[in-house]
Amino acid sequence: MTIKIVSMHDCLDEIQKASIYVRDKYSVPNDQIITPHFEKEFDVKIFYNNELFLGGCIAFKSEAHYNLFLLKWS
């Protein structure tokens, strides 16, 4: 299995929709960071200010895992 790392800019709309879902599911207020909940819910790892991806990136378990995320939140 190959890890798929993508820039947050490549799936920004999907991240936004998924984040709203996570905030609602875990009752996370808007003034709190949801990264730990997001990573747990979607089994991903988020890296901010990565040298390769200036706005941050997300590591998915595989290309298929990334594609399923896109399909669900598009």
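Which residue lies over the face of Tyr 21? Lys 72 does, at 6.0 Å from the ring centre; a charge counts as sitting over a ring if NZ of Lys or CZ of Arg is within 6 Å of the ring centre and within 35 degrees of the ring normal. Some notes on the rest follow.

1. Ground rules. This is a predicted model, where local features need pLDDT of at least 70, side-chain atom pairs count only at pLDDT 80 or more, and totals for chains, interfaces and linings use all residues. Residues are numbered from 1 along each chain as its sequence is written, and side-chain values use heavy atoms, with hydrogens and water left out.

2. Two helices. H1 (residues 12–26) packs with H3 (residues 63–73) at about 75°, and their axes are 9 Å apart. The two are therefore roughly perpendicular, the word for angles of 65 to 115 degrees. Helices here are DSSP runs (H or I, at least four residues), numbered from the N terminus. Axes are lines fitted to C-alpha atoms over the stretch in contact, and angles run from 0 to 180 degrees between N-to-C directions.

3. Who touches whom. H1 brings Glu 14, Ile 15, Lys 17, Ala 18 and Tyr 21, while H3 brings Phe 69, Leu 70 and Trp 73; contact means heavy atoms within 4.5 Å. Sorted by class, that makes six nonpolar, no polar and two charged residues. Ala, Val, Leu, Ile, Met, Phe, Trp, Tyr, Cys and Pro count as nonpolar, Asp, Glu, Lys and Arg as charged, and the others, Gly among them, as polar.

4. Rings. There are seven aromatic pairs in the structure. Rings of Phe, Tyr and Trp (its six-membered ring) pair if their centres lie within 6.5 Å; planes under 30 degrees apart are stacked, over 60 edge-to-face and the rest tilted. Tyr 21 and Trp 73 make a tilted pair, 5.4 Å centre to centre with 45° between the planes. This pair joins H1 to H3 across 52 residues. Tyr 21 is partly exposed at 31% relative accessibility, whereas Trp 73 is buried at 12% (buried is under 20%, exposed over 50%, partly exposed in between, with a 1.4 Å probe and protein chains only).

5. A pair within one helix. Phe 38 and Phe 42 are also tilted, at 4.8 Å and 55°. They sit four residues apart in H2 (residues 35–42), so about one helical turn separates them. Phe 38 is buried at 3%, and Phe 42 is buried at 10%.

6. Ring pairs tie together Tyr 21, Phe 38, Phe 42, Phe 60, Tyr 66, Phe 69 and Trp 73.

Note on methods. Parallel < 35°, antiparallel > 145°, perpendicular 65-115°, else oblique.
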